[in-house]
Amino acid sequence: MTQAALQFVTPLTFQALSGYPVQTDLLTPEADYAMGHIELARWADVLLIAPATANVLAKLSHGLADDLLSTLYLVAECPVYVAPAMNQAMWHKPVTQQNLKRLQQHGVILIGPESGEQACGDIGFGRMSEPTSICQQIMSESCSRILLGKKILITAGPTREAIDPVRYITNRSSGKMGYALAAAAVAAGAEVTLVSGPVALTAPPAAHTLNVETAAQMYATVMQQVQHCDIFIAAAAVADYTPQEGQPSKIKKQAEQTTLILLKTQDILAAVAALPNAPFSVGFAAETDDLEKHALDKLQRKRVNMIAANWVGREQGGFESDQNALQVFWKNGQHAIAMMDKAQLAEQLIHLIAAQFHKE
Ligand code: PMT
């Protein structure tokens, strides 16, 4: 309860009605000894601020932390909901709307307000949503957070293999598929680590992103990060071969023909799936022919739990495109996802992965 809330209801009433202890102060001697506000924020699965006044929205949007509530908000890493309640004129003021927009951009989820008669006698928007409907919304969103607390490692984008200081071998991967999966996994409540090759995309802010360039760097980074992860998704188009040794100086144009010796890179997906405590491992198969045959071969040969196969080298879908279609295979099943935006497709794939992960 904030100081303003205490003007309306006493903590004792609140405690008696709710059956739970009430906290009001940032710096109480007992709580402070145990870093009370930090512990409280860590303990919560969800932070709901209801009613959220115009003053509270303004404070939170500017990062002020001068009481227990605003400090909790700054410390909280769980989903944060606000259920505003204020006079309709205050609600419509541009500054209130700007504060709200800023909070939403930082991931705060808005519930309400509703329109109706207000305590001051005005009629309009600003009434707090009914407590039961606030709870229902939070419960239904929590159910869609099917990977809450799970740790997911995702690779995305291409790799670059140096021929000399100015040239490299790469492929057409834009990273869009892997980044869409990272966003969908974050939305499903997962803690996401994204290992990305060089791309021109912005990673989801909630994902922990590690940038790499070569297949060897991607291998090393994945192996460092994979230990405590529950699910591994290999969406990167990793080079299968790398020049034997990158030349230290630019190769001069002299001979009519030249030969590059290429060495096989390490297969990251197969290496992860072969670990003693391997995470639930999902590979991709990028194919130009015999999609199902090659995908099933990769499922068995790399010993992964799931393979998402896509056509590449076609006009629609695959590399670079904003859209894609998938044929997903696992041990005793398969599922086709039709051509659609990679963002929606990623959501569907994450649901499929979560369903199989929870079954195994
Ligand atoms: O990035 P976009 O432009 O959005 O394009 C998306 C995509 C086409 C790149 C993506 O959907 C996709 O298919 N990614 C996998 C590309 C690929 O390398 O497929 P593959 O069939 O060659 O490899 C099979 C699997 O082994 C893949 O999961 C790959 O990440 C993995 N692999 C391959 C080689 C290697 N050295 N290490 C690996 O982990």
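User: Why does Q225 count as partly exposed?

Analyst: Its relative accessibility is 27%. Buried means under 20% relative accessible area and exposed over 50%, with partly exposed in between (1.4 Å probe, protein chains only). Since 27% lies in between, Q225 is partly exposed. Please keep in mind that this is a predicted model, in which local features need pLDDT of at least 70, side-chain atom pairs count only at pLDDT 80 or more, and totals for chains, interfaces and linings use all residues. Residues are numbered from 1 along each chain as its sequence is written, and side-chain values use heavy atoms, with hydrogens and water left out.

User: What makes Q356 buried?

Analyst: Q356 has a relative accessible area of 8%. That value is under 20%, so Q356 is buried.

User: Which residues does Q356 contact, leaving aside its neighbours within four places in sequence?

Analyst: They are F280, M306 and W330. Contact here means heavy atoms within 4.5 Å. Q356 itself sits in helix α14, residues 342-359; helices (H or I, at least four residues) are DSSP runs, numbered from the N terminus.

User: Why is α10 called oblique to α14?

Analyst: Helix α10 (residues 176-187) packs on α14 at about 55 degrees, with the axes 8 Å apart. That makes α10 oblique to α14. The axes are lines fitted to C-alpha atoms, for helices over the stretch in contact, and angles run from 0 to 180 degrees between N-to-C directions. Angles under 35 degrees count as roughly parallel, over 145 as roughly antiparallel, 65 to 115 as roughly perpendicular and the rest as oblique.

User: How many nonpolar, polar and charged residues does the contact of α10 with α14 have?

Analyst: Among the residues that meet are M177 and L181 in α10, and L345 and E347 in α14. By class, this contact has 10 nonpolar, no polar and 3 charged residues. Ala, Val, Leu, Ile, Met, Phe, Trp, Tyr, Cys and Pro count as nonpolar, Asp, Glu, Lys and Arg as charged, and the others, Gly among them, as polar.

User: What makes α5 and α8 oblique to each other?

Analyst: Helix α5 (residues 54-61) and helix α8 (residues 94-105) pack at about 50 degrees, with their axes 9 Å apart. An angle of about 50 degrees falls among the rest, so α5 and α8 are oblique to each other. Their contact divides into 6 nonpolar, 3 polar and 1 charged.

Terms used:
Helices (H or I, at least four residues) and strands (E, at least two) are DSSP runs, numbered from the N terminus.
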